[in-house]
Amino acid sequence: MSDFTADEVKELRKLLEIEKIRKVKQMYSHLMDGRDIPALAQIVAEDCVCVFGPYGTWTGRDQIHKGWAEVFKNAVPYGGFHATTNMWIEMTSDTYAISRTYLHDISNEPDPRANPVVWYGIYDEDYEKVGGEWKIKKCVLQFLWPKRMVSDDFPRKMTPTSFG
């Protein structure tokens with residue numbers, strides 16, 4: 001077996017960073033569903049901006065924490081699932097990346113007659129490496145169903161830089 005080439009080592013390092021970003025997004029859903037709002041607020045940058053359609057625009061970690069606390073004040077842990085799938089990550093530099101992720105927001109209330117789907121949407125996010133850790137720098141949630149509420153620039157252009 002031969003050693004990795006310099007290009008392969010570079011690609012492996014890039015994949016390691018992409019996996020670290022993917023873990024942040026997975027933790028986002030787990031912390032949100034578990035209603036651990038203090039820990040959830042720690043995965044965003046201090047100056048993060050969250051654009052959440054009907055919930056408003058929140059700027060800065062403190063306001064984001066307060067916003068989530070208000071939205072989930074009466075919610076029980078794991079009363080629903082914030083399923084994020086199909087994550088596409090593009091590294092734009094060693095310390096910055098953009099991503100798009102599908103949202104399937106599902107309630108697991110016990111009423112069998114109720115539609116379990118709360119929202120379908122798309123997250124467009126920017127990530128920044130701060131102090132060696134990836135943080136969400138900007139989060140824009142485009143709501144697609146049951147009512148379409150998207151920003152004027154949706155869909156954001158995401159150009160693949162390479163497909164490996």
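Good morning, colleagues. The structure is a predicted model, in which local features need pLDDT of at least 70 and side-chain atom pairs count only at pLDDT 80 or more, whereas totals for chains, interfaces and linings use all residues. Residues are numbered from 1 along each chain as its sequence is written, and side-chain values use heavy atoms, with hydrogens and water left out.

I begin with the strands. Helices (H or I, at least four residues) and strands (E, at least two) are DSSP runs, numbered from the N terminus. Two strands are said to pair if DSSP finds at least two bridges between them. Strand 5 and strand 6 run antiparallel and are joined by eleven bridges. Within this pairing, Tyr120 faces Trp145 of strand 6. The two strands form a hairpin with two residues between them, and Gly131 in the turn has a positive phi of about 55°. Strand 6 also pairs with strand 1, here in the parallel sense, over four bridges. In strand 6, Val140 is the residue opposite Val51.

I turn now to the core. A nonpolar core is a set of buried Ala, Val, Leu, Ile, Met, Phe, Trp, Tyr and Cys residues joined through side-chain atoms within 4.5 Å. Buried means under 20% relative accessible area, exposed over 50%, and partly exposed in between, using a 1.4 Å probe and protein chains only. The largest such core has 31 residues, and those touching the most other members are Ile21, Tyr28, Leu40, Phe52, Trp68, Tyr127 and Ile136. Which element gives the most to this core? Helix 1 does, with six residues.

Contact means heavy atoms within 4.5 Å.

Not counting residues up to four places away in sequence, His82 touches Tyr28, Ser29, Met32, Asp33, Leu103, His104, Asp105 and Tyr123. Arg13, in helix 1, is exposed, with a relative accessible area of 58%.

Finally, Pro77 lies in the loop between helix 3 (61–71) and strand 3 (80–93). Beyond residues up to four places away in sequence, Pro77 touches Asp33, Gly34 and Arg35. Thank you for your attention.
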